[in-house]
Amino acid sequence: MHRVIPVDKESRWQLLSILCACLGAALWLPNFLLNYGYGFWMGTFIINPIGVVFGILGGSRIGIVLNSIMTFRFLIFMFVGYALAAF
C-alpha cells in the first residue's frame with residue numbers, strides 16, 4: 001500500500017513556485033559552466049513569471065522574491081556589466 005501524505009493546496013502552490021525558481025536557475029547553468037552563451041536562459045522569461053503567480057497563490061514570499069529576481073536577472077547582469085565596464 002502506498003502512503004499518501006496529505007498536502008493542502010497552499011503547499012502545492014508554494015512547492016511549484018520553488019520548483020520554478022530552481023528550474024530558472026538551472027536554465028542559467030549551461031552559460032556559466034560551459035562558458036558559452038546558450039539561449040536556454042530565455043526560458044526564465046516564461047517560467048519564472050509563472051513561478052511568481054504560484055508564489056502569490058501559495059502565499060510564499062520567498063517564492064515571489066526568488067522568481068522575481070530570476071525574471072529580471074538578465075537586466076541585473078546587463079546593468080552590472082555596463083557599470084563595471086564604465087570604470
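Reply: Happy to! Leaving aside neighbours within four places in sequence, T71 is in contact (heavy atoms within 4.5 Å) with T44, F45, N48 and P49. This is a predicted model, where local features need pLDDT of at least 70, side-chain atom pairs count only at pLDDT 80 or more, and totals for chains, interfaces and linings use all residues. Residues are numbered from 1 along each chain as its sequence is written, and side-chain values use heavy atoms, with hydrogens and water left out.

Me: Is T71 buried, partly exposed or exposed?

Reply: Buried means under 20% relative accessible area, exposed over 50%, and partly exposed in between (1.4 Å probe, protein chains only). T71 has 11% relative accessibility, so T71 counts as buried.

Me: How are two packed helices described?

Reply: By the angle between their axes and the distance between the axes. Axes are lines fitted to C-alpha atoms, for helices over the stretch in contact, and angles run from 0 to 180 degrees between N-to-C directions. Helices here are DSSP runs (H or I, at least four residues), numbered from the N terminus. Helix α2 (residues 44–58) packs with helix α3 (residues 61–71) at about 165 degrees, their axes 8 Å apart. Therefore α2 is roughly antiparallel to α3 (angles over 145 degrees).

Me: Which residues of α2 and α3 meet?

Reply: T44, F45, N48, P49, G51, V52, G55 and I56 in α2 meet G63, I64, N67, S68, M70 and T71 in α3.

Definitions and conventions: Helix = DSSP H or I, 4+ residues; strand = E, 2+ residues; numbered from the N terminus. Parallel < 35°, antiparallel > 145°, perpendicular 65-115°, else oblique.
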